[in-house]
Amino acid sequence: MKNELPPPGADALAHSALLSQRITAEITAAGGWISFARFMEMALYTPGLGYYSGGARKFGPEGDFITSPEISPLFGRSLARQVAQVLAASMPHVIEVGAGTGLLACDLLAELEALGCTPVHYDIIELSGELRARQAENLQTKVPHLADRVRWLDALPEQFSGCLVANELLDVLPVQLVAWRQGGIFERGVIWDAAQEKFDWQDRPAAGRLLGVAESLGVESPEEGEYLSEVCLPARAWVAEWGARLSQGALILIDYGYPQAEYYLPSRTSGTVQCYYRHRAHTDLLLWPGLNDITSFVDFTAVAEAADEAGLAVYGYTTQASFLNNCGLLALLETIGASDEAPYVRASRAALRLIAPHEMGELFKVLIIGREMDSRLIGLATGDRTHAL
Ligand SMILES: C[S@@+](CC[C@H](N)C(=O)[O-])C[C@H]1O[C@@H](n2cnc3c(N)ncnc32)[C@H](O)[C@@H]1O
């Protein structure tokens, strides 16, 4: 696997070596073993060194992956129609969590203004200081007259009425690796192999909440070998936090993922965690910490259950294609470049990436949860799949 990846430059390797030292020190301090969730958290978010907190370009063609807002402004413009409906039924306040380069914020603000419902506040909650700076720069360049509505929050608000948006946030929350074997349920963690000078895996019996959740998933241990997958406790906790804070409105969660029955299919024997490095997916999860994005699919059943436990309503669950079509993506496309073919062709190709079943249309899902919204949400008008959760 390692040989097929383009080799990082000397600077990048030195950066990764520095982060590896930090992780090794943490492993030593913890008695020789850390959970993979802690490894993932450090690999992604260690200030100045982690994947999302270090300096490299992550998003776009020269980076490691591309997200929907980076593919086309039609994503944000369509989503704005759903956000507008939520704002009309609650307060004119948007919160975006995990805003990447800030492009979605620019598109949403511009389109909400065009729809006549500019939010009074557009708050961003972003872990990475480097990305906060990029978001501010993009907002100043693309929507300077609206940039003063944007605030960066350091903590979650006590109370919130409005619309929360998170695109590809849940897939980067740290997951614990779980191995089901005839001998029991184990958590796979990370050790430092000093002789070989590399990170390695070591299993321990799963315990506490992780064990409880793993037991509840109905996974059968195979006769031989193991069934490996993952559990994301932070996604459940994150929803519970918002459940305690949302007084009225909705959380629109967009990500790649499955309902639980599909997530823990007997045939999916090695889980869904992957690394992205220069547009190549690989599963060498301990390789070059800080240089790879590490992500997993979202267990949308777990997220919906956490919402229910937190007293939130589950308004619906559908594919990205259905959601964007329901929000009028194709009608928006028709308004582009009527007098000039080239922009229209470019925009159509991008739109296709967002909605085609073999691209992002089916793999990506939209889950909308919330409180005190009586109107039927336009993005869920057709294609609801809540029954699958
Ligand atoms: C895969 S990127 C998606 C970015 C953007 N939403 C997009 O679609 O292009 C994940 C984003 O979430 C941020 N992030 C990860 N964990 C977070 C957390 N717990 N709170 C806030 N932001 C977080 C990352 O720094 C990054 O901006």
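**Exercise 1. Describe how helix H4 packs against helix H5.**

Step 1. Start with the axes: those of H4 (residues 73-89) and H5 (residues 103-114) come within 8 Å and cross at roughly 55 degrees. Here axes are lines fitted to C-alpha atoms over the stretch in contact, and angles run from 0 to 180 degrees between N-to-C directions. Helices are DSSP runs (H or I, at least four residues), numbered from the N terminus.

Step 2. Name the arrangement: the angle makes H4 oblique to H5. Angles under 35 degrees count as roughly parallel, over 145 as roughly antiparallel, 65 to 115 as roughly perpendicular and the rest as oblique.

Step 3. Look at the residues in contact (heavy atoms within 4.5 Å). Among them, Leu79 and Val83 in H4 belong to the group that meets H5 residues including Leu104 and Leu108. The residues of this H4 and H5 contact divide into 10 nonpolar, 1 polar and 4 charged. Ala, Val, Leu, Ile, Met, Phe, Trp, Tyr, Cys and Pro count as nonpolar, Asp, Glu, Lys and Arg as charged, and the others, Gly among them, as polar.

A word on the model: it is predicted, local features need pLDDT of at least 70, side-chain atom pairs count only at pLDDT 80 or more, and totals for chains, interfaces and linings use all residues. Residues are numbered from 1 along each chain as its sequence is written, and side-chain values use heavy atoms, leaving out hydrogens and water.

**Exercise 2. Now describe H5 with helix H6.**

Step 1. H5 and H6 (residues 129-142) pack at about 35 degrees, with their axes 8 Å apart.

Step 2. On the H5 side, Leu103, Ala105, Cys106 and Leu109 make the contact, while H6 supplies Asn138, Leu139 and Lys142.

Step 3. Sorted by type, the residues of the H5 and H6 contact give 5 nonpolar, 1 polar and 1 charged.

Note on methods:
Helix = DSSP H or I, 4+ residues; strand = E, 2+ residues; numbered from the N terminus.
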